[in-house]
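Dear colleague,

I am passing on a structure for you to look through, and my notes on it follow directly below. Please read them with the coordinates open beside you.

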Amino acid sequence: MGYIAVIGAGSWGTTLANLLGEKGHDVFLWAYEQELVDEMKGTGMNGTYLPGLPLSHNIEVTSDLGKALSKASYILNAVPTQFTRSVFSTAKNLLSEKSVIISASKGIEKGTLLTVSSILEELTGSEVAALSGPSFAKEVIKQLPTAVTVAAYDNKTALVLQDVFNTDTFRVYTNSDVLGVELGGALKNVMAIASGISDGLGLGASTRAALITRGLAEMTRLGVAMGAREKTFGGLSGLGDLVLTCTGALSRNYTVGFQLGSGRTLTDILGEMKMVAEGVATSQSAYELSKKHGVEMPIVEQINHVINEGKKPDQAVKELMSRSLKAEF
């Protein structure tokens, strides 16, 4: 099969590189920071993002993008959405014509309003797939049972990638709705911020359940308006990831929301985080997409106001609850 290149050595990229390495694949793991590369080579661990967890000996870590990509048949992108364009603007000249790129990032680019696979297709012209679903890196790397979906336009590619990633503890389903899978993964991060805010305000489990349910309705409406399939949002990359991210303390986006609901400022919260909470940037992109496609997304709208305009979280809740009454469906 040749090498698999994993681009991005945060917690998720490192976890997926380890999963592939443990399965027997030869893996290049690219990190932007030379210090991180030196640390991982010296200790056999990613102490910055996954401390205390030894990594597969089948992983070679490098900060040389050309070296990582030179032998790669498959390229897994785990770079945060807002940095994907800059990394692959360089990488596009280093790719093999037959390389398949798999996106594991969950966001929508600011300005262009593109999903990550659309960015990668635009830059490289390569065949692109998406891997998404309810999966915390710290649980996957400990081999706790997890189920995700891999989406590709070509079913043969989806089946090959299913085999590449599937293990005894990481079950992979296939899907042909690349857009729907990516939108589910991106939009649920905005809803997770809302859920965290709710819990930070002490509003209770009933409020959280309402946010998850109505959040799913918003995600589905936008996805269908953009050409995705409705049923995708009831699957692993939609409902599954939404439930996990809105209820799990390991979620970065939920944590940002919880801290906001507890009265802290966004600047202080982000200043203490090592990892990227994709929902922060995606809140604006999702709001702009809703306006572009004429889709009502009141939760997204309020989170955009809180994140980007400084609205008080309790005021956002009041405005959501005082909206005009309407039918559920």
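At 0% relative accessibility, threonine 14 counts as buried, where buried means under 20% relative accessible area, exposed over 50% and partly exposed in between, with a 1.4 Å probe and protein chains only. Before going further, please note that this is a predicted model, in which local features need pLDDT of at least 70 and side-chain atom pairs count only at pLDDT 80 or more, while totals for chains, interfaces and linings use all residues. Residues are numbered from 1 along each chain as its sequence is written, and side-chain values use heavy atoms, with hydrogens and water left out.

Threonine 14 lies in helix 1; helices (H or I, at least four residues) and strands (E, at least two) are DSSP runs, numbered from the N terminus. Leaving aside neighbours within four places in sequence, threonine 14 is in contact (heavy atoms within 4.5 Å) with Gly8, Ala9, Leu29, Met40, Asn46, Leu50 and Leu55. Serine 285, found in helix 13 (residues 278-292), likewise counts as buried, at 1% relative accessibility, and serine 285 touches Ile108, Glu109, Lys110 and Leu113, not counting residues up to four places away in sequence.

An open sheet of 8 strands has the order 3-2-1-4-5-6-7-8, with mixed pairing, where two strands pair if DSSP finds at least two bridges between them. Its edge strands, each pairing on one side only, are strand 3 (59-62) and strand 8 (170-175). Neighbouring strands are turned by 25° against each other on average, direction ignored; axes here are lines fitted to C-alpha atoms, for helices over the stretch in contact, and angles run from 0 to 180 degrees between N-to-C directions.

Strand 1 (residues 3-7) and strand 2 (residues 27-30) pair in the parallel sense over 4 bridges, with isoleucine 7 standing opposite tryptophan 30 in strand 2. Strand 4 and strand 5 also pair in the parallel sense over 4 bridges, and there leucine 76 stands opposite isoleucine 102 in strand 5. From strand 5, Val100 and Ile102 point one way and Ile101 and Ser103 the other way, all of them buried.

**Helices on the sheet and against each other**

Helix 5 (residues 116-124) lies across strand 4 (72-77), strand 5 (100-103) and strand 6 (127-132), running at about 155° to strand 5. Helix 8 (residues 178-200) packs on the sheet as well, touching strand 5, strand 6, strand 7 (146-151) and strand 8, and its direction makes about 40° with that of strand 6.

How do helix 8 and helix 14 pack, and at what angle? Helix 8 and helix 14 (residues 298-309) pack at about 75°, with their axes 10 Å apart, and are therefore roughly perpendicular to each other, a label that covers 65 to 115 degrees. The contact is made by Val190, Met191, Ile193, Ala194 and Ile197 of helix 8 and Ile299, Val300, Ile303, Val306 and Ile307 of helix 14.

Phenylalanine 165 touches Leu19, Leu20, Lys23, Leu76, Leu131, Phe170 and Val172, not counting residues up to four places away in sequence.

Definitions and conventions
Parallel < 35°, antiparallel > 145°, perpendicular 65-115°, else oblique.
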